Amino acid sequence: MKPIQIAGGGIAGLSAALGLARNGIPSVVFEKQKKIGASRHGDYEGLENWIFSTNHDVIQSLGLNLASLQSFSVSEFLVHCPPNNPVKISSPEPFFSIVSRGAHDQSLDQWMYKACIENGVEIKLGETCDFDKADIIATGSQKAAAYIQGGSFQSHLPDQVHLLLGNNFAPKGYAYIIIRNGKGTLATAYKKPMSGAKNYVKETITYFHNVGISFNLDNTFASRGSFKMPAQNPFSKQITIGEAGGYQDLLFGFGMKVGMMSGWMAASHLAGNHEHASELHKMLRKKLRLSYLNRVLYERLNDRMQYSLALALAKSDNPVAHLRSAYEWNWKRMFTLVSGRKPVEIHYS
Ligand SMILES: Cc1cc2nc3c(=O)[nH]c(=O)nc-3n(C[C@H](O)[C@H](O)[C@H](O)COP(=O)(O)OP(=O)(O)OC[C@H]3O[C@@H](n4cnc5c(N)ncnc54)[C@H](O)[C@@H]3O)c2cc1C
């Protein structure tokens with residue numbers, strides 16, 4: 001059998017290769033960087049725990065043991081909405097499992113790389129794939145709709161997670177800090193305003209410095225997210241997956257699980273398991289349509305409303321369940337969107 005050609009060795013491309021290998025189908029992954037994960041520098045990213053039900057556990061399907069990556073879960077964090085005092089949000093179930101991204105040992109990227117090699121996938125590093133020859137395109141985001149900037153740092157501070165909201169730090173987005181075992185990540189994910197854009201990384205660092213969390217970034221990163229919907233029928237001659245195909249949560253940009261699932265979907269289709277592939281595709285599109293709706297609602301919130309939302313989540317017994325409900329179809333939310341009214345319905349109480 002002629003190996004399936006995959007353009008892009010990010011987590012979407014590697015998930016597809018792994019899925020194919022598990023079905024006995026050979027593949028070749030072309031990755032233009034010299035090392036898998038080279039575009040990330042040890043930053044922490046979260047595998048969220050609210051978009052999908054446990055029936056669709058892509059982590060299990062891939063055979064990934066998060067403990068082997070020194071992953072840790074986050075069940076509590078502080079939300080800062082200056083000038084108000086920070087509020088603590090805690091949950092009986094974790095919000096996310098944090099993993100490290102990059103080309104180092106124990107990064108998610110390197111785990112996927114090794115799993116692919118062990119399963120006989122051929123990976124051509126430092127090689128660009130000609131799009132015409134690719135069966136699967138997994139080349140990451142192409143157009144910028146939102147930006148994410150930040151960096152990693154060393155810190156003597158104890159483990160902690162903070163979310164920072166506000167137009168000064170992350171317009172229509174959010175900024176965050178994750179510190180674990182002396183290593184930290186700071187990032188701000190935002191949409192550029194039409195005018196008056198600031199250096200949001202600097203603003204965010206200054207804010208955290210003023211509340212007693214000081215550090216110097218060792219390395220910086222800047223990337224972009226392109227918000228688009230996956231194709232109605234992705235199973236044409238070429239299958240486009242991961243961020244390249246629009247498989248990314250549009251609200252908070254959580255793209256890892258979504259990207260992995262899209263890779264799994266492509267592999268199922270090419271392995272002839274069309275029913276499973278189309279079930280995954282329908283489910284992914286549904287979730288991503290809801291994430292679009294969530295983004296439209298979120299973009300209507302001003303700083304004061306974001307604070308109200310944080311307070312409401314802080315009061316909740318199970319904020320993860322509330323987040324999960326935002327990814328379920330709900331006519332009341334749809335009505336809020338269509339009517340153009342302020343989204344009071346998302347003030348959970
Ligand atoms: C700073 C940052 C923080 C994030 N935080 C989170 C988070 O907390 N939780 C979460 O779920 N998601 C997060 N995301 C999003 C998530 O990381 C991405 O959605 C996901 O990694 C996208 O995977 P991908 O495989 O689609 O694309 P990419 O990771 O972009 O991989 C595409 C690969 O294709 C290669 N490539 C491109 N063109 C070619 C070509 N022609 N030939 C060969 N190779 C090519 C590139 O070098 C790259 O390695 C974050 C993203 C960033 C940038």
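Trainee: Which element gives the largest share of the shell around the ligand?
Mentor: That's β3, with three residues. Keep in mind that this is a predicted model.

Trainee: OK, and which elements each supply at least two residues of that shell?
Mentor: α1 (11–22), β2 (27–31), β3 (41–48) and β14 (219–225).

Trainee: Which residues come nearest to the ligand?
Mentor: Of the 31 residues around the ligand, it's Glu31, Arg40, Glu45, Gly46 and Glu243. By type, the shell divides into eleven nonpolar, twelve polar and eight charged residues.

Trainee: How far is the polar backbone atom of Gly46 from a nitrogen atom of the ligand?
Mentor: The distance there is 2.7 Å. The protein covers 90% of the 1000 Å² of accessible area that the ligand has on its own.
Trainee: And what about Lys32?
Mentor: One of the backbone N or O atoms of Lys32 sits 3.2 Å from a ligand nitrogen.

Trainee: Where does the ligand lie relative to the domains?
Mentor: Between domain 1 (4–72 + 96–143 + 227–292) and domain 2 (146–225), because both give residues to the shell.

Trainee: Switching topic: what order do the strands have in the open sheet of three?
Mentor: The order is β3-β7-β4, and the pairing is antiparallel. β3 and β4 (72–74) are the edge strands, each pairing on one side only. From one strand to the next, the twist averages 40°.

Trainee: How many bridges join β4 and β7?
Mentor: Three, with β7 covering residues 96–102. Phe96 in β7 is the bridge partner of Val74.

Notes
Residues are numbered from 1 along each chain as its sequence is written. This is a predicted model: local features need pLDDT of at least 70, side-chain atom pairs count only at pLDDT 80 or more; totals for chains, interfaces and linings use all residues. Side-chain values use heavy atoms; hydrogens and water are left out. A residue is near a molecule or strand if one of its heavy atoms lies within 4 Å of it. A polar contact is a pair of N or O atoms within 3.5 Å; within protein, one must be able to donate a hydrogen and the other to accept it, and residues adjacent in sequence count only if both atoms are side-chain atoms. Accessible areas come from the Shrake-Rupley method with a 1.4 Å probe; for residues, only the protein chains shown count as cover. Helices (H or I, at least four residues) and strands (E, at least two) are DSSP runs, numbered from the N terminus. Ala, Val, Leu, Ile, Met, Phe, Trp, Tyr, Cys and Pro count as nonpolar, Asp, Glu, Lys and Arg as charged, and the others, Gly among them, as polar. Domain bounds come from an automatic or database domain assignment. Two strands pair if DSSP finds at least two bridges between them. Axes are lines fitted to C-alpha atoms, for helices over the stretch in contact, and angles run from 0 to 180 degrees between N-to-C directions.
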